[in-house]
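Please look through the model below before reading my points. They go from the surface to the fold, and then to single contacts.

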Amino acid sequence: MSLQFQRRLFTVKEYHLMGETGILSEAERVELIEGEIIQMAAIGTRHATAVRRLNRLFHRLPEDRAIVLDYF
């Protein structure tokens, strides 16, 4: 006997509702990519350093050239 699984893709609205209702916590490292919820690896030291350096560089630009959002 063979079982077939059908994939269930999620919308952005459903993904956000999962966070609002507590199904997904803010501490979980997940992203919605093409309808699938993908568990992401933790950011490594080299990646975090590169992001901080770019963030510092972009903050020096005039606001009409770059908009920088701080998430760290």
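1. Surface. The accessible surface of the protein chain is about 7100 Å², and 54% of this belongs to carbon and sulfur atoms. Accessible areas come from the Shrake-Rupley method with a 1.4 Å probe; for residues, only the protein chains shown count as cover.

2. Ground rules. This is a predicted model: local features need pLDDT of at least 70, side-chain atom pairs count only at pLDDT 80 or more, and totals for chains, interfaces and linings use all residues. Residues are numbered from 1 along each chain as its sequence is written, and side-chain values use heavy atoms, leaving out hydrogens and water.

3. Fold. The protein chain has two helices and two strands. From the N terminus on, the order is α-β-β-α. The radius of gyration is 18 Å, well over the 11 Å that the globule rule gives for 72 residues, so the protein chain is more spread out than a compact globule. (That radius is taken over C-alpha atoms; the rule is 2.2 Å times the number of residues to the power 0.38.) Helices (H or I, at least four residues) and strands (E, at least two) are DSSP runs, numbered from the N terminus.

4. Burial. How much of the protein chain is made up of buried residues? The share is 10% of the 72 residues. Buried means under 20% relative accessible area, exposed over 50%, and partly exposed in between (1.4 Å probe, protein chains only).

5. Strand S1 (residues 30-33) pairs with strand S2 (residues 36-39) in the antiparallel sense, over four bridges. Pairing requires at least two DSSP bridges between the strands. Valine 30 faces glutamine 39 in S2. Two residues lie between the strands of this hairpin, and glutamate 34 in the turn has a positive phi of about 50°.

6. Salt bridges. The count is two. The rule asks for a side-chain nitrogen of Lys or Arg within 4 Å of a carboxyl oxygen of Asp or Glu. In one, glutamate 36 meets arginine 7, with the closest N and O atoms 3.6 Å apart. Glutamate 36 is in strand S2 and arginine 7 in the segment before helix H1 (12-21), so the pair ties together parts 29 residues apart in sequence. Arginine 7 is exposed at 62%; glutamate 36 is partly exposed at 28%. Glutamate 14 and arginine 8 also form a salt bridge (2.9 Å, N to O).

7. Nonpolar patch. Leu54, Leu57, Phe58 and Leu61 form a nonpolar patch on the surface, with about 320 Å² of accessible area together. Patch residues have over 30% relative accessible area and no salt bridge; like charges are joined within 9 Å, nonpolar side chains (Val, Leu, Ile, Met, Phe, Trp, Tyr) within 5 Å. Leucine 57 lies in helix H2 (residues 45-59).
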